[in-house]
Amino acid sequence: MEDNKCQCECGCNGRDEFLDKLCEKYEPIKDNLIQMLNEIQEHYGYIPMKAQKVLSEYLNVAMAEVYGVITFYSRFTLKPKGKYNIAICLGTACFVKGSEKLLDTAKEALKIKEGETTEDGKFSLEATRCIGACGLAPVFTVNDEVYGKATPELMKKVIEEYRNKE
Amino acid sequence: MKTLEEINKIREQKRKELDLRVNLKAGTKEKHILVCRGTGCTSSKSPKIIENFKNILKEKNVENVRVIQTGCFGLCAKGPIVIIRPEDTFYAMVTPDDCEEIINTHIIEGKKVERLLCKDVDGTLVDRLDELNFYKKQERIALKNCGVIDPENIDEYIAFDGYKALEKVLTSMTPDEVIQEVTDSGLRGRGGAGFPTGKKWMFAKMAKGDQKYVVCNADEGDPGAFMDRSILEGDPHCIIEAMMIAGYAIGANKGYIYVRAEYPIAVQRFQKAIEQAKEYGILGTNIFGTDFEFDLAIRLGAGAFVCGEETALLESIEGRRGQPRLKPPFPANAGLWQKPTLINNVETYANITKIILNGAKWYSSIGTETSKGTKVFALGGNVVNIGLVEVPMGTTLREIVFDIGGGIPDGKEFKAAQTGGPSGGCIPAEHLDTPIDYESLSAIGSMMGSGGLIVMDNTKCMVNLAKFYLGFTVDESCGKCTPCRIGTQRMLEILERITEGNGETEDISKLEKLAHTIKNASVCGLGQTAPNPVLSTLKYFKDEYVAHIEDKKCPAGECKALANVEINPELCKGCGICKRQCPVNAISGEVKQPHKINPEICIKCGACVDKCPFKAISK
Amino acid sequence: MIKINIDGRELEVKENITVLQAARVANIDIPTLCFLKEINAAGDCRMCVVEIEGRRGLVPSCNTMVEDGMVIRTNTPQINETRKIILDLILSSHNRTCLTCVRNGNCELQTLAQKFGMAEIEYPGQEVEPHIDDLSPSIVRDASKCIMCKRCVAMCKNIQKVSAIDVAGRGFKSHISTANEASLNDVNCTNCGQCIQACPTGALREKETIDDVWLKLKDPDSYVVVQTAPAVRVALGEEFGMKIGTNVTGKMVSALKRLGFDKVFDTNTGADITIMEEAHEFIERIKENDVLPMITSCSPGWIKYIEMNYPELLPHLSTCKSPHQMFGALVKTYFAKKEKIDPKKIYMVSVMPCVAKKFESQRPEMKNEGLRDVDNVITTRELARMIKQAGIEFADLEDAQFDDPMGEATGAAAIFGTTGGVMEAALRTAQDVLTGQDLPKIEFEAVRGGNGIKRATVNIAGKDLKVVAASGLANAQKIMEEIKSGKADYQFVEIMACPGGCIMGGGQPIKSSKTRREVDVRKLRADALYSIDEKSTIRKSHENPAVKKIYEEFLEEPGSYRAHKLLHTHYKERDKYKID
């Protein structure tokens, strides 16, 4: 489709192999919207506009509705996350064990609010609901790495470590 | 494809092979090292422990020892957990570096690694799992296989009576008999509301429709609850089997399980279980040589608490925003794609196979008059033994918190327990002896809920807790109806005002009035229960609200705006721990000299208060 | 009939009605906000809650069906308090700048606030952030006035099947949005303006352009000509408290003259010319075995819709411009020449029942020799505002006549304003042209009435023609799918974007949910148009002497070179979304 043609100069001509394959995998029925969005989120780390357009066209769902679904579910994001995504669990078990302090510490150290990404794109910060490691409360994660029984001091240390990493 | 005979053969063989898992005196040379691969222990590196065990065993050429991944053992606080069977030795907080010592000392030399044994609350060293107080009062029905079998191996499931209930149902029971059995068992929905399961099945069976569906609600959204996740991770086949039994009973041949995408391990194990069941011909057509057929698929949630509400869940499966539908019609009559649909929660399904095999009479002998069987709780918060517990209905809160949970850590006092998550309420010490069942919890202003049980010590502010839950509800409200969309936001704003010291006397009556409106006028269960945390804390801890409003004080010292964090120079030894804890660098001072807090910078988070070894900092 | 009890009164009502309807039978008006008859009954706002014995909590009456023996209470103290708190909550997050709101005096929220005596907000707090999107030439959205009743979404998504807007976000932050928060101008909006008609408050309104009209009226160098569409005259009176369906043609013309327009013409004359051209095109298509069915092209919301959604069917569209565009083009050529006026000085204003016409008049194709056919389109509501601003006592005005030489029109043109009307007018002319006779059959009942899709087989000059008239874009979509799949064997298709046709256009007076519940607004306005037709001495477009004269003096014959240049247009495939 004309409107899916991308403006980049990489020669991809608007085709995206991942999205092509995704469309092959799922039947073009509306019910598959959330499943496909889940895969897109997983693949890109967010839901790019080109993917929204492809879904809208392929599943015959208006873009306003696609947008409505994306913005309803907290797992879907419209912007790429930072290279290191720090997620602080604010589930009840972690909350009772003081996870708010971890959030305060991270906000202060990174100078960003939850849901934001640092200017250099290195860190993003999010507050999540229970990640299921209640035995280790309070917990935070950096990408897939889990830090249990965390303290503000640990948070500061971990951020420093990643800051010095490439 | 396996015939019924072949499956029965596998059961017989495997059962013998795995006898050491459940029989302390199993006469076998083999040993099984069981390592928990639930989410909690996996987070603290249990996959690495498994890898190390395997490598070391190989290196040392040790025979007759197998390393098995299992689901959750329950005592998450002591994770990662390693259990060696048949002797049932329980090693706690094992690190990957401990593997070599366990193999050398325990497996090769036959001695216990004492330093890794678990210390019970009273300080005694416990070397066997069933000697731990944590397990003594538990009765595992829903969690029966969790921690016993490898969830990724269908043969192990079959060994412990797996798919035997399905066989029984398909070959010797009519759908009506199945429903009767479930009805007679007294099983009620474990998702929170406690609707009689048999009745739900009956409605779905009676509904007219050429196509019906069975759905499993695994959108465990209560922040601090992980019962369903643990069952899916530890025993996925028991859910598949139960959904098939339900399908047979109501006349459905297609099932969906709706799981949170945030549960990757559960999703992956369930997917694997479906594949194995298909491979064995258990899922498919002509199941066990009958004309029953069943297909099952996974649908992932994407982070919306409201999707735990059954009609919102259906909307989400159909690819839309998870906003609840009008009821009636109920899903039993018009559910997925408007077809009759049975929706039960994971834990409810987890009881089904046991009811079919052991009979309704057995099941209904457990529990109280109105609430039969057991309930799984995710015990968390300020309690020693954080973890997963399954107790008979009617067990008191005191038994759970103190006998099983080991009481409150750090010498603090019990203040309240919270059940039912954002829909539930706080239970104060005066109700600790309430036997837990659906009715008694409602009577004291809380609810059973899905099984989150958070314990709070006396340093927790109840107004702040109510604010926490309201914040959750505001975040998770779908926005469909006015009372929930705007009402919860207004309640949160009032609570914020109160905890910031700007509360006014009439705020309490305003909160109460608004709470009742939201309860009565909201569309779905989320809104109808959202005010409960506020109403229950108002009921039992009104004095705390009054203190915040009238005296501008937070008695528990938790509300930052009302706190004044100070270092007592006479107690301060200048150790500098507080300085390192402070997230905003508000503390200064020379080593070995009394430190000071700059009130301009201090955000009153209290991190320093908790960590000061000399209790020199007060809020 | 079943027996129910409402507020202690036993009564018998029909089955299959809602509690809300049953209460009306008992003369009880339950307040509603998100309810809009046949469009939205989601039960989200909770204003209409009642108590029903045996049901838990409070139940919305708008979508709960009555059952035999049902005991309903509609006004207990608890219900009253609940409604008051709900209203308080809605008001607390609403931008309460009522005095400067376009809907002041015609706002359903304001009406309820008055009714409940909302003296102050009990639960003040965070309000919805003002966010105004006024980039569309037709529609302005103001999020701060939105109360999340979602009537606009139901309209756009279910009735029109356009889905330019939907609910986005969650909880308190949920709001109505386009794709990616883009402007309506950059998404698949057709500009039909039905969302405005659905909105109970001032969150959606037309893009007002009367200031430019006032300026031109004051400017001595401008020659300001106005034309009014057929649907305007049967609705304008409502803005002055007259009954729905009152024909105020004479007073309207009188008011326009008082406002200072140099000429007051009738778009109906343009409609008659449209019929001449369209009937001619249709006959040609049949003779030449050209693309059939031919689809009408006078509804600009529809045109944008087909350009975005069915570009492959564009050859089916009649190339005729819509009546007011044709008329504008003739004013700046034929009329200017005849009256010796410099066409550059002519400022052509169209008063339309439609907000999509604002977009249409700005299309690049809609001009001739560098001059726009129409310079400004204002809606029925905007005209009413001008009349009020000028202090004209509308109800007391004497009737006046449209100006010559382009003020004469037929009954056929009048019924352009309702669904099926264009079809009927075209058939009247086509049958006479084809047979060369003056046939007595005037009325084609099969294409009249309020149904969204009206299929008929009509016998014209001994030939059976299959025709269909559809209104509302969801219905249009159905017909297009039929054509696309090759299942359709129609020769002639009439489509109007707005359900019911122009009389229910996005620029017409806004009727409250309560009014729409109690009377059939469409029917009353349509009846008024049919009555104009019936009373007309000339009821066939080709018999209009003014039209005949224009052809004689200027256009020569339908489909001539000049007619094509001025009165016909072309269409193009259009991207639905201009967002990256």
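Colleague: How many Å apart do the C-alpha centres of domain 3 of chain B and domain 5 of chain B lie?

Modeller: This is a predicted model, where local features need pLDDT of at least 70 and side-chain atom pairs count only at pLDDT 80 or more, while totals for chains, interfaces and linings use all residues. Residues are numbered from 1 along each chain as its sequence is written, and chains are lettered from A and ligands numbered from 1 in the order in which they are written. The domain assignment of chain B, with bounds from an automatic or database assignment, includes domain 3 (374-457) and domain 5 (564-618). The C-alpha centres of these two domains of chain B lie apart by 34 Å.

Colleague: Which word describes the direction of helix 9 of chain B relative to helix 12 of chain B?

Modeller: Helices (H or I, at least four residues) and strands (E, at least two) are DSSP runs, numbered from the N terminus, and axes are lines fitted to C-alpha atoms, for helices over the stretch in contact, with angles from 0 to 180 degrees between N-to-C directions. Angles under 35 degrees count as roughly parallel, over 145 as roughly antiparallel, 65 to 115 as roughly perpendicular and the rest as oblique. Helix 9 (residues 175-185) and helix 12 (residues 236-250) of chain B pack at about 120 degrees, with their axes 7 Å apart. Helix 9 of chain B is therefore, relative to helix 12 of chain B, oblique.

Colleague: And which word describes helix 20 of chain B relative to helix 21 of chain B?

Modeller: Helix 20 (residues 482-499) and helix 21 (residues 507-521) of chain B have axes 10 Å apart and pack at an angle of about 160 degrees. Because of that angle, helix 20 of chain B is, relative to helix 21 of chain B, roughly antiparallel.

Colleague: How many nonpolar residues does the contact of helix 20 of chain B with helix 21 of chain B have?

Modeller: Two residues are in contact if their C-beta atoms, placed from the backbone, lie within 7 Å. Residues making this contact include B:Met491 and B:Ile494 of helix 20 of chain B, and B:Leu511 and B:Leu514 of helix 21 of chain B. Ala, Val, Leu, Ile, Met, Phe, Trp, Tyr, Cys and Pro count as nonpolar, Asp, Glu, Lys and Arg as charged, and the others, Gly among them, as polar. The contact has three polar and four charged residues, and its nonpolar residues number 10.

Colleague: Which helix of chain A gives the most to the side that touches chain B?

Modeller: Chain A has seven helices and four strands, and 38 of its residues are in contact with 44 residues of chain B. Helices 2, 4, 5, 6 and 7 of chain A each give two or more residues to that side. With five residues, the element that gives the most is helix 2 of chain A.

Colleague: Which strand of chain C gives the most to the side that touches chain A?

Modeller: This contact takes 18 residues from chain C and 12 residues from chain A. Giving three residues, the element of chain C that contributes the most is strand 8 (residues 166-168).
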